[in-house]
Amino acid sequence: MRCAIIGSGNIGTDLMVKMLRSDVLDLVALVGIDPESEGLVRARGLGLEAPHTGPEWILENASNIDMIFDATSAYVHVRHYQEYAEAGITAIDLTPAARGPKVIPPVNLYDHLDAPNINMVTCGGQATTPMVFAIRRVIDELPYAEMVSTVASKSAGPGTRQNIDEFTKTTSTALREIGGALRSKAIMVLNPAEPPIMMRNTVFAGIPEGADHGAVIDSVHEMVAEVTKYVPGYRLKNPPVIEEGPFHTPGGIVPHRAVVLLEVEGAGDYLPAYAGNLDIMTAAAMRVGEAIARSRKEKDANA
Amino acid sequence: MSTSAPDFRLIDSTLRDGSHAISHQYDSKEVIAIVKGLDRAGVQVIEIAHGDGLGGSSFNYGFSKVDEKGLIAQACEATTNAKIACLLLPGIGLTDDLRDVHELGVGMARIATHCTEADISEQHIKTAKSLGLETIGFMMLAHMNSPEGLVEEALKMQSYGADSIYFADSAGAMTTEDVRRRVSALVSALDIPVGVHAHNNLSMAVANSIAAYEEGAQNLDGTSAGLGAGAGNCPTEILAAVSDKYGITTGVDVLALMDVAEEIVRPMMPRQQVIDRAGLILGYAGVYGSFLLHSQRAAERYNVSQAEILLELGRRRVVGGQEDMIIDVALELTQKHAEAKK
């Protein structure tokens, strides 16, 4: 499958390094807007095409591209996503623009393989939605879930910084739509400590009366193992705990809350290991792209 | 009350920063009484929100007893002269929250970021300005950045359209010299007024506020009876009294402020605002003041020392908003102690 990455910042560049290792995705170009950007310079060094005319280049070359991975910003994606669809290009959206259906691989990887636009939520959403889903699947109802994501300042580029509202809104929506919580909240914090901290994510979930706490803990462990399959640096920083309340959540009073403390160490493909936020996003996008490519290959073989 | 123009503007944050000290349990009656009392005393700006700003009600920071927007609406109704302000931390609150509180009658927005991350405030400062709100860029935990570094961040907020800039000594970790160097650097570099929000962990809040004034700060924060995160804030009534002694015109009625502190705020305080060991450690280790009560609860829950939790948080250089790390540290200490016993 012929692919292009648009956006030559931290995420686009990290994705490029990963995609060059793929046996089903064929990377044609890394597209940016600044010819001197580190990402484009690196792409040229790797022998890739590295144009700097942004979305325009994608649309001009639509006949040679099957799928794009958009790592620009929510604003840019919103402005162009319809043009990509009209040009017959499948768009995997790594911004929090939230135009297409949201995909969190260990929860709903195969649900939207034919969609023209797929949204990858946010890095924090990729890290925490699986945990919310894991808790929800062993209790009758999850009245309220919350996530706090802290990333190293160095790993948050200008796009992330200007999109912070979109980040929290899109992440919070994913905790409900895909995680299964009835109500939700997402919080993002940047930490400038040196050396940079690893990406940290904490999930809080309101646990109603009568829930099987052992089942909640087991389900969390099983889901961590699922995510680790494609993000090797994803792990529990401490064992999950159930704390005693009561807690007056927006979804009602609950007697307990589950607390899941996660850390994501990056694979170090582009930025160093602290930038697990890049890794979980690009690894999830790769998983979706590869699933789409395999499914199309199968269809073509059967046709 | 003096009739001449005040030498600095006093912003009272009893209903915002003070909310930390009562675990965000304000109700309508308390809010109305405090707003009316401060307004009568001549306070020009009254800040109200969850302690962690608009949208702060959460597992991580504590749930508000009463929806903050309901309380903000009542504050707007209860005031006659004082402007009502809200604080918002990008990453916790949303630009939508600014639109909501503007509709309710709020006249000022303070957009707060960690002291090295001013560029996450662009969206919010611009939105607040476009709504016609007086907008302040507010840099937290300012002891973690140098005077030059703060200037660099403040210039970003100024470029987004902020009407003035504040820095907060959120850990109460600064000496008077630390405050002077930062205020004078900001005053000489910026085109807009500078303000200081002091905490009392090292018993320096009033002295630091006066020093800030002497270096050219035009806005100063206080809370009634010092009610606030950590060891508490600069007490509004003491700042006003000390200012009088210095011959600095505040425009507020000192005795009326004492009445608010003594008759309205103190009776509702679950604990008096003292500098105990934990409060002092926050200032000494430079840890965000609002971690105080959360770390006390975690220490009780996991049977570990609160002081150890706070020192470890200081070592990790956590910033405001990372309250989840309190549980993380408490669990690690539990494991460490269990291993030590073996």
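Trainee: Which residues in α2(B) meet α3(B), and which residues in α3(B) do they meet?

Mentor: First, the model is predicted: local features need pLDDT of at least 70, side-chain atom pairs count only at pLDDT 80 or more, and totals for chains, interfaces and linings use all residues. Residues are numbered from 1 along each chain as its sequence is written, while chains are lettered from A and ligands numbered from 1 in the order in which they are written. Helices (H or I, at least four residues) and strands (E, at least two) are DSSP runs, numbered from the N terminus. Two residues are in contact if their C-beta atoms, placed from the backbone, lie within 7 Å. Here B:Ser28, B:Val31, B:Ile32, B:Val35 and B:Lys36 of α2(B) meet B:Leu71, B:Gln74, B:Ala75 and B:Ala78 of α3(B).

Trainee: How many residues does each chain bring to the contact of chain A with chain B?

Mentor: Chain A brings 30 residues and chain B 27 residues. On the side of chain A that touches chain B, β7(A) gives the most, with 6 residues.

Trainee: Which domains does the assignment give for chain A?

Mentor: Domain bounds come from an automatic or database domain assignment. For chain A that assignment gives domain 1 (2-120 + 281-302) and domain 2 (123-276). Their centres, taken over C-alpha atoms, are 25 Å apart. The contact between them takes 23 residues from domain 1 and 25 residues from domain 2.

Trainee: Which element gives the largest share of the domain 1 side?

Mentor: The largest share of the side of domain 1 of chain A that touches domain 2 comes from α1(A), with 5 residues.
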